[in-house]
Structure formats: structure tokens, C-alpha cells
Amino acid sequence: MKPLLLVVASVLLAQSANAQEGPTLSRIADSKSLSISYRDSAPPFSYLDSEGKPVGYSIDICSKIADAIKKELGLDELAIKYVPVTAQTRIPIIANGTADIECAATAITLDRFRQVDYLFPTFVSNARLLVKKGSGITGLDSTAGKVLTTLAGTTSERALMAALEEKGIDAKIVKSKDNPQGMLNLEQGRVDGFFSADVILSGVRANSRNPDDYEMVGESLFSEPYAFMVPRNDPDFRLLANRVLADLFSSGEINTIYKKWFDPGVTKVNIPMSPELSALISAYSLAK
Amino acid sequence: MNYNWNWGVLLEEPYPQWLLTGFLSTCFIAICAWAIAFTLATLVAVARTSESRFWRGTGTVYVEVLRNIPILVQIFIWFYVVPELLPTAWGDWVKRGMPYPQMTTAILALGFYTGAKLAEHFRAGIHAAGAGQRNAAKALGLNAFQTYRYILLPSAYRIVLPSMTSEFMGVFKNSALALTIGVVELTAQANQITEYTFQPLETFTVATLLYVFITLVIVSLMTWVEKRTRVAGSVTRT
């Protein structure tokens with residue numbers, strides 16, 4: 001046991017020594033490179049294209065931020081390093097400085113502010129239910145006695161359980177590990193409905209064998225904003241990045257980027273801009 | 001590192017409860033799978049050392065197929081492919097009717113896989129017990145069942161106890177793969193707590209310690225079994 005503890009302790013000490021390093025911008029200036037973490041299967045926010053290059057709505061916005069950093073620091077060139085992350089690794093990767101910014105699709109929750117800071121929100125998702133056509137399910141109210149699936153550990157899961165309890169609906173919940181698996185469970189008839197964010201459901205439906213056999217039903221149960229994560233307590237970096245976002249919002253350039261990826265978008269997600277997102281965008285079109 | 005350590009978060013409701021249920025699921029899956037594996041492995045090892053060419057062949061095919069396919073792939077095949085190959089009514093029962101479809105599938109898949117690996121240990125044990133023992137049993141007039149039951153298997157189990165311990169630990173660690181089909185065991189609960197709290201380092205440290213705890217318990221248990229079942233004079237200790 002003792003040697004094990006020593007190893008753990010030395011690793012922790014070594015990492016806290018790194019914490020003395022300056023804020024994000026000086027690190028970028030020193031290394032002349034920006035590290036962007038991304039999810040490799042979160043279309044259309046970030047995913048790998050056929051050449052294995054990260055692309056997507058979030059990646060496009062991040063490249064604008066990279067341009068602004070390059071200009072602000074007066075660098076001749078700024079190398080961009082992409083770091084793939086998973087739901088479990090995305091926080092430590094930002095916290096320990098491996099990546100400077102996460103350009104993917106992470107929902108903002110209050111608890112998460114204990115570890116990271118967020119930029120202005122760039123998307124708003126609405127949670128819906130995906131069912132087989134002709135299943136007779138028209139919304140959460142008609143799911144009594146049915147089996148539903150949702151991704152384990154997501155904010156959707158929390159919302160679904162709360163809603164079922166509040167409405168007194170007796171539906172069984174089966175957990176899925178990731179989005180393709182949730183869709184597979186629906187396709188194979190293991191579950192009657194897949195509850196998740198509309199943008200995720202559109203994506204998995206578009207990639208399923210028979211997209212026309214499935215439909216999204218019911219009212220949106222809850223909506224939540226997505227935003228990029230940046231290291232905590234680094235106001236200079238955050239301001240620089242938020243400035244870029246506010247510019248994109250007020251110039252209307254965000255609409256072009258949004259249309260490119262979502263409406264209908266190269267991945268066929270087909271989600272027109274929601275009223276919630278347009279309201280956020282006009283609210284965050286801040287004056288200089 | 002710009003990380004906010006917060007060990008207290010793991011004591012906030014409902015997280016201790018989650019860790020506990022995850023821990024119990026892991027133990028439940030592993031122990032059930034081990035029971036299946038032990039029974040199967042005994043049967044297969046007997047088949048592989050029997051005098052019948054047919055049974056030897058069947059045993060060999062089982063072992064080679066099951067231990068050569070990665071366990072993750074096997075879990076997916078049992079869960080997603082096999083139900084589709086069954087007649088519709090059966091398939092529907094497997095998917096919906098049977099109690100806890102995910103957990104049941106995971107236990108069976110893990111049991112079959114571990115059984116194949118364990119069977120090889122048992123076979124080695126039976127060989128180590130020696131042809132002399134087998135012939136002596138025959139000479140005494142014992143039939144095949146009696147030979148295995150009273151002579152060969154009791155020796156074989158004792159001989160392979162140390163390597164059995166590794167397989168027993170392996171089944172606990174492999175049980176984490178059950179999360180890939182949606183079973184919420186210890187690792188899955190740790191993932192889930194991470195998503196809720198954004199405190200992955202604390203959560204996974206605790207999960208790791210729980211796994212270490214399990215393996216330490218197994219080591220002590222097996223050491224005790226080894227002492228209890230030792231036949232005087234059969235094993236030389238230095």
C-alpha cells in the first residue's frame with residue numbers, strides 16, 4: 001500500500017507545481033499553439049470528417065476565436081492542437097491545462113462552475129422523445145407502462161426522472177451508454193422511446209437505417225444552454241473569447257454558421273434555430 | 001493544476017447510495033458469473049480430459065471459441081445479435097420479458113467467457129494429478145464419474161487454486177464491461193456521479209479503492225481456502 005500512496009502523492013504534487021504557470025494567454029503566447037479539446041462523435045457540434053479532421057459548428061466558432069487570439073497576441077502563426085475528450089476526461093483536460101478551450105457541446109450547470117468557466121452560450125437544446133411511428137405515444141403523458149431509454153448520467157436523465165415522478169407516470173427507464181446505443185435499443189424494440197436533446201435525436205435518426213420510421217413527439221420538457229468550457233479564473237482569456245462571440249452574434253455571422261451545420265446541415269440534423277437560441281443571441285449581442 | 005478538490009461531494013446525497021448500489025451490483029454480477037464459470041469449467045475440463053473423442057472435441061471448440069473472442073465483443077453479440085436470431089416471440093422475451101435483460105445478459109456472457117479460461121486451468125490440474133491416479137482409480141473399480149468426483153477433481157482444484165485466484169479477481173474487473181450494455185455497476189455509477197458533480201478525480205479514486213478492497217478480500221479468502229484444503233504432504237512449501 002505505502003509505495004502506491006507515495007506514487008499517487010508525487011503525481012498530485014507534480015501537478016500542483018504546474019499550477020504556478022501563468023494564465024492561458026501567456027501559455028498560448030509562449031508555445032505559439034492553442035489546444036482545443038473536442039468530442040469526436042457529437043455531430044454537428046464536433047466530429048471527425050472523412051479525413052479524420054475535427055469539424056463542426058463548435059469547431060467553426062472556435063477557429064474564429066483562434067484568429068482573434070493570434071491577432072491579440074501579435075503572433076505570426078498559431079498552431080492548433082486538437083485533443084479528443086470523452087464525457088469523463090473533458091473536465092480534467094481543461095483543469096490541468098492540457099487544453100485551453102473545449103469546443104464541443106457541454107451543457108451549463110451550476111455545479112460545473114466549480115471546475116470550469118463557460119463562455120457565452122452558443123446553443124440551446126430542447127429535450128424531446130423519439131418513438132417509432134404508429135407506436136401510439138404522443139408525448140410523455142402516454143408512456144405509462146412503456147419502457148424508455150435515456151443516456152446514463154446526463155441532464156436529460158435527471159429531467160426525465162423528475163418529470164415522470166411529478167406527473168405520476170409509471171414508465172420503466174433503461175439506461176444507454178451512448179447515443180448510437182440508445183438508437184439501437186429503440187430500433188431493436190427493447191425500448192419504446194428514446195429521451196434526449198432534440199439535436200442528438202435528429203442526428204441519430206438521420207444516421208439510422210430507416211429515418212422515416214421514427215418521429216419526435218411531445219412538448220420540450222426542458223431546454224438547456226450549451227457553451228464552450230475554458231479554464232476557471234482566467235478573466236482575460238474569457239473576455240477575449242467572449243468578445244469574439246458577441247461580435248459573431250451582433251454581426252449576424254452566427255446565423256450563417258448555424259445554417260451551415262443545423263439547417264439542414266451537412267449531417268442532416270435539420271433543426272431550425274429555436275426561439276430560445278435567437279433570444280439568447282440577441283441578448284448577448286453586447287455593445288463594445 | 002487548476003482543479004477544485006472537493007472530497008465532501010461524495011458524501012452528499014444521493015452519491016454514497018449510488019456508490020453502494022454500484023458496488024453491490026459489481027459483486028452480484030461477478031459472483032453469479034463466477035458460479036456459472038466454475039460449473040461450466042468443471043464440465044468442460046472433464047470433457048477435454050475424457051476418453052471420448054467427441055467430448056474432447058466439443059470441449060476444445062468451446063474453449064477456443066469463447067476465450068479467443070474479446071469479452072466486449074461477446075457481450076455485444078449476446079445482447080444485440082443473439083436476440084435477433086431467435087424466433088420473434090423468443091427474441092421479444094429476451095429483450096423485454098426476462099428479468100433485468102441487461103444484467104442477466106452480462107452475467108451469462110461473463111460466466112461463459114470466464115468458464116472457458118478457467119476450464120484450461122482445471123484441465124491443467126487434472127493432467128497434473130497424473131495418469132497414475134486415473135489408472136489406480138480404474139484398477140479399484142471406480143467408474144468415470146467416481147474417478148473424477150473422488151480422485152481427479154479434488155486434486156485438480158487444489159493444484160490450481162493460486163491461478164484460480166487470478167481468474168476470480170479477473171471476473172470482478174471484467175464486470176465493469178457490463179456498463180457497455182447499460183448495466184449500472186460500480187464504474188458506471190462513477191461515470192454518472194462524474195457527470196452530475198464534475199468531480200471525476202475524487203469519484204474514480206473512490207471507485208479504484210473499492211476495486212482494490214474487493215481484490216484484497218479475494219486474496220485473503222483464497223489464501224484461507226488454500227490453507228483449509230491443503231492435504232498434508234501434497235504440496236511442498238519453502
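Asp178(A) and Lys177(A) form a salt bridge, with their closest N and O atoms 3.4 Å apart. A salt bridge here is a side-chain nitrogen of Lys or Arg within 4 Å of a carboxyl oxygen of Asp or Glu. Side chains of opposite charge can pair when their charged atoms come close. Asp178(A) is partly exposed, at 29% relative accessible area, and Lys177(A) is also partly exposed, at 38%. Buried means under 20% relative accessible area, exposed means over 50%, and partly exposed lies in between (1.4 Å probe, protein chains only).

The structure is a predicted model, in which local features need pLDDT of at least 70, side-chain atom pairs count only at pLDDT 80 or more, and totals for chains, interfaces and linings use all residues. Residues are numbered from 1 along each chain as its sequence is written, chains are lettered from A and ligands numbered from 1 in the order in which they are written, and side-chain values use heavy atoms, leaving out hydrogens and water.

Over all chains, a search of the whole structure finds 19 salt bridges. One of them joins the side chains of Asp117(A) and Arg238(A), at 2.7 Å from N to O. Asp117(A) lies in strand S7 (residues 116-118) of chain A and Arg238(A) in helix H8 (residues 235-251) of chain A, so this pair ties together parts that are 121 residues apart in sequence. Helices (H or I, at least four residues) and strands (E, at least two) are DSSP runs, numbered from the N terminus. Asp117(A) is buried at 12% relative accessibility, while Arg238(A) is partly exposed at 25%.

Chain B has salt bridges as well, including one between Glu51(B) and Lys138(B), whose closest N and O atoms are 2.9 Å apart. Glu51(B) sits in the loop between helix H1 (15-49) and helix H2 (53-68) of chain B, and Lys138(B) in helix H6 (residues 131-139) of chain B, so the pair ties together parts that are 87 residues apart in sequence. Glu51(B) is exposed, at 56% relative accessibility, and Lys138(B) is partly exposed, at 45%. Elsewhere, salt bridges that share partners join Arg48(B), Glu64(B), Arg67(B), Glu120(B) and Arg123(B) into one network.

Val73(B), Ile77(B), Val81(B) and Leu85(B) make a surface patch of about 340 Å². Patches are made of residues with over 30% relative accessible area and no salt bridge; like charges are joined within 9 Å, and nonpolar side chains (Val, Leu, Ile, Met, Phe, Trp, Tyr) within 5 Å. Val81(B) belongs to helix H3 (residues 71-85) of chain B and is partly exposed, at 37% relative accessible area.

How values were computed. Areas by Shrake-Rupley, 256 points an atom, 1.4 Å probe, with all protein chains shown as cover.
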